Amino acid sequence: MAHITFDLQNSSNPRSFSEDNLVHQYEFKKISNYIDEQLILADTDNNAAVRMHETISVLGSRGSGKTSFLESLMSKYQTSIKAEVLPMIDPTLIEEKGHVFLDIISRIDQKVEEKLFKKNNGFTFDSDNEKEGWDALMRKLADGLPMLDGLGGTMTEQSWQDAEYIMDSGKRSVMAAINLEKNFHLLITEALTILERNAFIIVFDDIDIDFLKGWRVLETIRKYFTTPKIITIISGDLKLFSLEIRKQQWKNFGKALLKNEGEALDKIADFNDIVTVMEGQYMQKVMKSERRIHLMSLAEKLKQEGEGYFRLIPNKTLSKQSITLEQYYTDILKRYGVNNAFQADTYITFILGLPLRTQIQFMRLYQAFDSVVNPYPVNILDPFLNDLYELRVDTTLVSSTPKLLSVVILKLLLSKRVLNEAYQLQPTTTDTSLNSSLTALAFSFADASRKSRGLFFDYFIKIGYVRNLHGTFGYLEDNLNSIQSDTSPSIEGLIKYAGLQQDRVLRDVVGDITAYFRGYLDMDRDNRQPWGGTIILPGLATNAKQQRNEIEDRIDFVFRDSSADEQTLAFIPLSINRYSTKNTTVLSYSIFGLLGTIGELLKESIFIPVALSELSQIRSYTMPDFIKRIIVEGEVGNTVNLDFRTFEHDSVFDDLPWSVIKWKEEFENVDLVFAPYLIGKIVTRFFYALANTQNFGNYASLGQMFHDQIVTFMNAVLIEESREIVGINIKLNLNNTNFSDQVFVDNLNAANRIGPQKFPVAQWLFTCPLLTAYLKPNLLESISLFNGRLYSAKTHINIFDQLCNVSTWGNTVKNENLQPMPTGRDFAGKYRALSKRKLPFNWFTFDTSMSSATKNKNIRINAKDIFGEDNLSSAYLRDFRKYLKKLNINSWSQKIS
């Protein structure tokens, strides 16, 4: 099959191409036929009285390849014995006081003078009849030139005083102006006779850019280029031609008419109809529809010629082998995390529809990936800069501050009101500039995510999470019609309230988002239903007035004697929603708060132990009161101090910070790239699947509910990433996990059979110690198998059992639901062995004089031989303390049976 090969090394500037390697071959043959037909007509036509308008229009958007097309056309006819090709005319390069008509005459005169000079062997003869005749025609034509727009002079005061001069000069000028077209045609005929050609080919490029100069060109063509001996070709954008003509037609009415009748009598619509008719008639005369050549995009070409029609050599320094344009774009997209063929087709279809110049820029990026050719980073924004500028996207911020990418993206989506439709940054809208900007930002985000893993969670929350909340709030003006108020719930209000267009701590962002929609839900009178990934808990035991036996299922009571690791994990997802008008609070447990914390820990220059300590502080966030219209904006969450949380430095931690550091280091050199649409699909699947785990009727304990939410998140990751695997038919169960882990376990097993290494995002997330810490230990065995690790309680910090002792709002886990102490443990034997040692007894009790973390550390150092290497988990030691408390043992001296 015939094909066209792009030479990227020589395609950055307009130039002529051979006909067999020209992109627009069909259009080239079509315009060549027009020219050949007119050359024959020009040779046989002797009827100078018939005015003809046969201008050929080459139409296309900016960068569509018009100049190269015209250069190639002119190159073909330069060697023709029938056509005299004048140099291409760009009206924008003509001086302000110049006129295109005079410019053309000067070019023709130069051609004729050169020919006559050559015929006379370089000598000028006074008796040369051809030369004299030519000069006479030039003088005759020159008399009418001052009447052209922009060339007319003014008479001096002395001239006005000579009546005879005025009459003679005026008569001569008027007659010359009347005969200007006729004299011009005579000049053209004589010039062609001297040059021994049938017709001139005059090409105007980009006459649509400068409206004033472009209009002069169109008027010159309409008035004077009416002979078949001039083959006129103009190029530009049809939309700009339309605007250019409409502007002049509106000027014809004059300001007085438009004001007195158009505005005063409300007839602007009538004038507009007249302008539209006049525009259509003008264009039909000067730019006949049957002589318009539309340069098709590469996408249209491929539909016409079939796949594989365009090929290119990506990099001559590495290989001489050419590949198809479709494969070329597919390879580039893979570098930006677009592996799914269906998703790739969306981007490829859009890119192929872009102007050729833009595509050439984009193609050349492939070469820049080769460090030998270009050692500098690729700026993916370059081919799309004009569209980004048009939509006021801060490109400097995008390039210099990747951590603010989500902020820039959110601002664009909000300004164009396409948050709901375009949050995956795919070019699927009807706005070309917006599609270009979305594509550029999608690639920029994916490229930045290679080094900044925290962008995954930043996008997940600021774009994906917020987009899914959009369906609840809607845009402000949609809700209020023409009345706008910041005190009414809206997506704009949420974004402003949570500071989503600032560089804020993600956990605080989630805290404010939760407070905002909890305030919205509270319009329905103390709504405590779980929603939007939040679980409502009973108030803190610290603030409760109930008796001890009534607050044992509160989260702070359950974890009051736990280790620093366990307390940190327990309190990371926790926040307090405070009413602005009454002394009441709502306790929220949010998986998005956990995900936001992971995102913060992935940032560079973060000291993990200190960060964990700060990010697990319980903070309160004020809820808006939409009923009383009270909004407290920009308030940083206030810390709620718990007496038993006294650790302030990293030495009190056991394993948690180091496991996070190890996790980060393990994936430091793994090539992970996150396409925004993949994150978007994950968060949407997760958000709507959460609805099935937000039914209080199925949950009494926080542990089970939070476990199911994390499983739902992991299942969403696994399903959406499976769709990115190229060339493998993998069938996962797409059903929601609901209240069983089996769907997720089955999907894990299916992924295992394909090869876990093909799921880099899932492997990365499923090994995160801050996610696995909340899961049932038996499920961790399946996850560990998927990740290629052996599960052991010692290497996995886990608080699932403890969270199962925490009640959710309106439910209780006390008594029948309270998790029993593990059976089968030889606590009596451990006690007897320890009673023979001289260890402080309070290490083994719930006494608060020393933190549990310090106690556990001392036990691990001094009693390892008694408890054994595998039994030193914090959960095991907590159960031992429960054993002592249950038997009411207060010292080592007490005997047990």
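Both phenylalanine 844 and phenylalanine 880 are buried, a term that denotes under 20% relative accessible area, with exposed meaning over 50% and partly exposed in between (1.4 Å probe, protein chains only). The model is predicted, so local features need pLDDT of at least 70 and side-chain atom pairs count only at pLDDT 80 or more, while totals for chains, interfaces and linings use all residues. Residues are numbered from 1 along each chain as its sequence is written, and side-chain values use heavy atoms, with hydrogens and water left out.

Rings of Phe, Tyr and Trp (its six-membered ring) pair if their centres lie within 6.5 Å; planes under 30 degrees apart count as stacked, over 60 as edge-to-face and the rest as tilted. This rule gives 46 aromatic pairs. One of them is edge-to-face and joins phenylalanine 559 to phenylalanine 571, at 6.4 Å centre to centre with 65° between the planes. Phenylalanine 559 is buried, its relative accessible area being 0%, and phenylalanine 571 is likewise buried, at 0%.

Phenylalanine 844 and phenylalanine 880 also form an edge-to-face pair, with 6.1 Å centre to centre and 80° between the planes.

A single aromatic cluster comprises Phe456, Phe457, Phe460, Tyr465, Phe592, Trp663, Phe674, Phe686, Phe687, Tyr688, Phe713 and Trp764.

Charges also sit over rings, a term requiring NZ of Lys or CZ of Arg within 6 Å of the ring centre and within 35 degrees of the ring normal. Arginine 291 lies over the face of tyrosine 34, 4.9 Å from the ring centre, and lysine 582 lies over that of tyrosine 579, at 4.3 Å.
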